[in-house]
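Okay, everyone, I've got one model to walk through this morning.

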Amino acid sequence: MGLNIPDNGKKRIVVIGGGFGGMTLVKKLAGTDYQVVLIDKNNYHRFQPLLYQVASAELSAEEISFPFRKIYRKYNNVIFRMAEFLSVDPSSKKISTDKGDLYYDYLVFALGSVPNFFGMKNVEKYALPMKSSADALDIRNHILENFEKASLAADPEVKRSLLNVIIVGGGATGVELAGAMAEMKANIKKGDYHDMLSEIELYLIEGSGALLGNMGDKVANKTAKLLRRKGVNVLLNSTVSDYVDGAVVLKTGKKIESSNLIWTSGVKVAEIVGIPQELVVKGGRITVDEFSAVKGMDNVFVIGDAAMQTDVKNPKGYPQLARVSIEQGQHLASNLKRVAEGKEFKPFKYREYPVLAVVGRNNAFFEYKNKYMLSGFIGWLAWVGVHIFLVLGVNNKWNILSGWAWNYFTNDHPARIIVTTTQKSDT
């Protein structure tokens, strides 16, 4: 089996990964005189900022997933192939995938990040990460299945373990999931699981002294207070060291029994075979220059989470955010159009973007340049507006908005069903 890509004499741009950066790059190059080949091991783009709503049964996976072939169906110069990238041979300008090899003129890596378990084998084996649609479904199914088991359990200790939900990582993903789980807890206790004798306990564990490390102290303090008011046990300055016999073990020696361990603490970039190791820095990110080009490699670029691109104000690299990936994708597309016209590349200039985090119903925080801007219901409306703006397509925007409206006014989440999945991850 091969990738079956026709050689039409046009310059070929191969894009690995259909996340925010890759998807944006391909869309901006659609309709140009390049042959653009997008390769992803899934046939859809997922709207990752809303994965936590799939995990907490607020939305279905289909509502945040958009087929590549539908996105690019109007453009004859764009070709999609569902395949998994294996390696690159820069000397021959060839990539290898599980479906076959392909030559390129320009190669762009737009791969996202994967969970980082920091060498803790038991945690990696038993924890539930949340980096993919399949992961989010696994979390939803796992928790709902355990709630069903708890309804049958006679042993109080077994029931407590089944009902304890532990989220590790106090960044935006962990905070948003904790807030959503708190809302879910409040709703299902009154309805679906009103017969439970034991309380559902939620824990959010963060190794540093504050939540939302990319936001200011004021937001961090408000977030912790709000989550605690919602019934979440927020444990700061608490580091997980292991998971043994159904219990999370902290470095202090404290143990918390739980059959529901969700991991949102730390990410890394999976190894890109063929990239020189001297270009790989902390977290697996690849060193690139101001044009997103990999140093010392001919016509090879990296954008998004996998790119280590710096400037004077950001010596440790730009934040791994969707907006940064989108801007890098747009800029690289513009540069590739320029080179086709015989013009020189322009350097990428990073702009600081607003940072948002939602903490359950009617509560979100909005910050810009480390300045506290909006919170509460107004912040939540801003969060809704930004996310709906980023979602692809009018129909998709409407589907998500209508789903949110139903959940908001009824507190009834129709996605609360158990569906077994076999896929474990996507990138």
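By salt bridge I mean a side-chain nitrogen of Lys or Arg within 4 Å of a carboxyl oxygen of Asp or Glu. Aspartate 298 is partly exposed, at 49% relative accessible area.

Quick housekeeping before I go on. This is a predicted model, so local features need pLDDT of at least 70 and side-chain atom pairs count only at pLDDT 80 or more, while totals for chains, interfaces and linings use all residues. Residues are numbered from 1 along each chain as its sequence is written, and side-chain values use heavy atoms, with hydrogens and water left out.

Buried is under 20% relative accessible area, exposed is over 50%, and partly exposed is in between, with a 1.4 Å probe and protein chains only. Helices (H or I, at least four residues) and strands (E, at least two) are DSSP runs, numbered from the N terminus.

How many salt bridges does that rule give? The count comes to eight. Another of them joins glutamate 327 to arginine 323, with the closest N and O atoms 2.9 Å apart. Both of these residues lie in helix α9 (residues 322-340), four residues apart, or about one turn of the helix. As a reminder, an α-helix has 3.6 residues a turn, so residues three or four places apart point the same way. Glutamate 327 is buried, at 11% relative accessible area, whereas arginine 323 is partly exposed at 25%. And there's a network here: Arg323, Glu327 and Arg351 are linked by salt bridges.

Then there's lysine 343 with glutamate 341, whose side chains meet in a salt bridge at 3.4 Å, N to O. Lysine 343 counts as partly exposed at 42% relative accessibility, and glutamate 341 as exposed at 55%.

**The open sheet**

Next up, the sheet. What's the strand order? It's an open sheet of five strands, β11-β18-β12-β13-β14, with parallel pairing. β11 (128-129) and β14 are at the edges with a single partner strand each, so one side of each has no neighbour in the sheet. For pairing, DSSP has to find at least two bridges between two strands.

β13, helix α8 (residues 217-229) and β14 make a right-handed β-α-β unit. Right-handed here means that, with the strands pointing away from the viewer, the path from the first strand over the helix to the second runs clockwise.

Past β14, look at asparagine 237, in the loop between β14 and β15 (240-244).

**Inside and outside**

Which part is well covered? In helix α1 (residues 20-29), eight of the 10 residues are buried, so the helix is largely enclosed by the rest of the structure. Among the buried ones are Phe20, Met23, Leu25 and Leu29. Just after α1, glycine 31 takes a positive phi of about 85°.

Arginine 46, in strand β3 (residues 44-46), is buried as well, at 12% relative accessible area. Its side chain reaches the backbone oxygen of lysine 131 at 2.9 Å.

That's my tour, so over to you.

Definitions and conventions
Polar contact = N/O pair within 3.5 Å; in protein donor to acceptor, adjacent residues only side chain to side chain.
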